[in-house]
Amino acid sequence: MEDFLNDWGLSLAVFLPVVGAAIMALIPRAEEQLHKVVALITTLAVAGMGVALLANFDMGRSKDLQFVVDASWIDVINSRYIVGLDGISMPLMLLTMLIVPLCVIYSWNHFPEPHNPKAFLILILILETGMIGTFAAQDLILFFVFFEIVLVPMYFLIGVWGGEERQYAAIKFFLFTLFGSALMLVSFLALYFLADASGTAAGVANTFDMRALPEATAGIALSTQVIIFGGMFLGFGIKVPMFPFHTWLPDAHTQAPTVGSVILAAILLKLGTYGFIRIAIPILPEAAIEWAPIIGGLAVIGIIYGALCCLAQTDMKRLIAFSSVAHMGYTMLGISTLTDFGMNAAVFGMVAHGLITGTLFFIAGSMKERYHTLEIKRLGGLLVSAPKMGWVFGLATMASLGLPGLAGFWGEVPAILAAYSPAEGLSEPLFRAYMVIAAIGTVLAAGYLLWLYQRTAFGTPTEEFVDDPHITDISIPEWVAWVPMIVLILALGIYPNLLFNLTDPAVVAVGDLVAAAAGS
Amino acid sequence: MDTSALLTVLAFERPPIDWHAVAPELTLLAVGALLTILDVVLLERGRKFMAAAAGLGLLLPLIPILTLAVDGTNRSMFGGAFVVDEFALLMKALFLVSGYIVVLLSTNYIAEGDFWESEYYGLLISSLMGMVLMASARDLVTIFVALELLSIPAYLLAGWRKRSLEGNEAGMKYFLMGVFASAIMLYGMSLLYGVAGDTRLAEIGEAVGRGDSLPIVTLGVVFTLIGFAFKVSAVPFHTWAPDTYQGAPTPITAFLAVASKTAGFVALLQLVYVGFYGRDDVYGPMFWVLALLTMTVGNLIALRQTNIVRLFAYSGVAQAGYMLAALAVAGEVGDTALQAISTYLVFYAAMNLGAFAVIIAVARKTRSGHTQSYGGLFEYAPGLAVSMGVFLFSLAGIPPFGGWYAKLAVFKVTVEADTWIGYSLAIAVAVNSVIALYYYANIARQMFMNPVPDGDTTPIKVPFSLAAAVAITVIATVGLGVLPNLVAEITEVSLLAAGG
């Protein structure tokens, strides 16, 4: 059993969703119930696979890759099928495996127009393969393939099932991310040709092996490294999204169907931040030191800019979307310090933001279904009309603004603290200035989130919704989808070591690479 | 009567012929002749067998190609004018398979239209014979003969819809531009012959590559290459393509866009690698300019197209630009650029033929080429819509569909060159991929996100041969995209090792 898990477990987790999608493709469209069941079974099987992998994961060695499979794929360019998990990718993969079945359950009885559960669920399954694959891939080309696979299903999810401006939002999302990833690919190829990995485990000079590349880049001139890092910065930074590349995000989030927004916020954005920690920084630590002040600067601009935009929004979903920009700013600030403290906070922040903003988008979707609008000034009195939902919304809001005891706190505050003493080679005064700005951002965050909560949940329902029979409290599928998220928000908030224990050794390994580069 | 002249004719000794090496061409010739005889004998009764016979006949030469590939030795005849090596075999196989798919596309289109069938397939086969010959031609005269053999039937086929004005325009434009290009090319060839004193590419390679950079050499190289720049519709020599594509019968459009363009690239590759390899100071900058112009102009004009065939014409122009980008760095990276272009051609054939198959299938119902007629296709023809989606995203280079690996191959060689030419082209390809996505995704948007324009949702009846063409190309596009090694291994060809 253990051998089987080691050899096949991770690959199964990656490709099971595609198998499920293929089965569904063969079932006629009219069998809607059957489609839902197949999709649910598939995603639960994937989640089960994730639990089995976690149970067999050697926590003591979480800095090493485990469940590694290394098979030949495209020999001609020496790109291999290498997958593996370590303390950084494990939590993000588990987050994916959790969110996707919850999304299937949530949509059970209310698929957005134009309905068609078959196509909707097939796209979600393909999306899941892309996301899990990205977190598992340990070869740059394989990573690129999975990184891109998510684009097509997401394009259709937004463009077919989205809101009024869905077509514009879908193509904008697609074009922005493709632009970044095309340049990222050029950077990957430059690494392939310029790095010399003959002395490493890869055994050949030109390789895409992410395990070997960090040791192989020392010979590249710093100026070249900085340019290569720039290509990756665009690829990952657009995905995160960092200011000033964020403009696709509010449109995509606002127009996407609820489930699409949840997956987008909870997982797709993490592909970018994950790319920084997994690829850009370990492989080119010297260039990372050069770029860190710029990344940190854009991160804090994003925090403040996102917060100010939030204050100006009149649409609840758009407000949550802009809060994502701000929150990803904290994550990027943590990464830009290049310390293990900051990067730990970043990984924690990714998971926490996934859970919290995912919940917020779920709630926004449910409210939209009941009120048929998310215009803040028309809402109000949620606690009166649907008290349970009001309380869950309150909890998610508090978590989002970083209240201690809830998960959001552990992503935000350590990231700010990390900026107090950034890695060797970075300017302390500059990062302390960033720290102050980021801290002001938390005040603004409290401002816009509490104000949002106040306007939507407090008071009495506005006249048009006072006796609206459509405004019911949380339904069963909603409970099933939300409870695991709430439990995790609480659990991680109370005992953050659950996650830090897993991530720390792997993050320290990345930090050591940076320290070595700064020392040399 | 001059007796000495007569004596030399009588004394002519047939050069030794390697029958195995020319077996593919001879088989094809036999098939073409057989079709013509069948037509004369059977007359109207033979009509319904013609397409099937032509299709099978095109697969037949694959047998000698396979035996030659298994044999694996490079064969050279007529003092090096006709060479059979891995590159030639790969390209011959690609031509024949593309030709087979074109026959599948033509079957119902030609049978149901008001067209003569046996002439159609006969001309198609003679054009393909020119292409198959082109893959082995390593001599200026042989190249020219192959080019005319593939072009002249193609001029006729392009004007096949003789009762439509657009059809006449297509044939006429294609013919005039083609002849014009031939003339320029012949002028270039004459200059090269003057320098080298020989028509064989290998000898020209010696004289041109080792010699000084004379203006006459530059002129010869540039003019010869420009002749084929017409063939691959590189900007600014692309102006015939949209009108010809639109006016020609759609299966012939597919044929021109795929097989004919491939033939142009085969000729370019042979000229560059065997004939002009040492002159990358000439062709490097020339292809740099052509590649940049071709991909950018092609993509920008494609953005504005509302006719699907014209859109694919400009998309084909842009795709040729990506391949030219690899050719621009041939001097720096050697055979890997050849391999990148060969890989690109294989994927390009699969996804483009597939897209045209869907276009033909959809036009059977809508009778329109307007992109808006694709509105809501997913509602009434989900299979066709999903297939078209696969081809579109493949052309845009989104994994896991084949096109991503083709584009990766181009990125790889341009970065590998490690020169400003290479890097600037890599960035240009990256930016152009984004522009191209817009119009590819726009068709996907019509199919999946827009309502049916006239509300008519009767399903499309797709005839068997067309469905087979779609199935083959979808499987190839997806399968080879997931396992690109299958293509990458057979495109590991070389022209430098043998030709020198």
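**Cysteines and the chain contact**

Tutor: Over all chains, a search of the whole structure finds zero disulfides (pairs of cysteine sulfur atoms within 2.5 Å). This is a predicted model, in which local features need pLDDT of at least 70, side-chain atom pairs count only at pLDDT 80 or more, and totals for chains, interfaces and linings use all residues. Residues are numbered from 1 along each chain as its sequence is written, chains are lettered from A and ligands numbered from 1 in the order written, and side-chain values use heavy atoms, with hydrogens and water left out.

Student: How much area do chain B and chain A bury between them?

Tutor: Contact (heavy atoms within 4.5 Å) takes 35 residues from chain B and 34 residues from chain A. Buried area is the accessible area (1.4 Å probe) that two parts lose on being put together, summed over both. Of this area, 80% is on carbon and sulfur atoms, and the total is about 3100 Å².

Student: How many residue pairs are in polar contact across this interface?

Tutor: Salt bridges (a side-chain nitrogen of Lys or Arg within 4 Å of a carboxyl oxygen of Asp or Glu) number zero between chain B and chain A. A polar contact is a pair of N or O atoms within 3.5 Å; within protein, one must be able to donate a hydrogen and the other to accept it, and residues adjacent in sequence count only if both atoms are side-chain atoms. With both residues at pLDDT 80 or more, the number of such residue pairs is seven.
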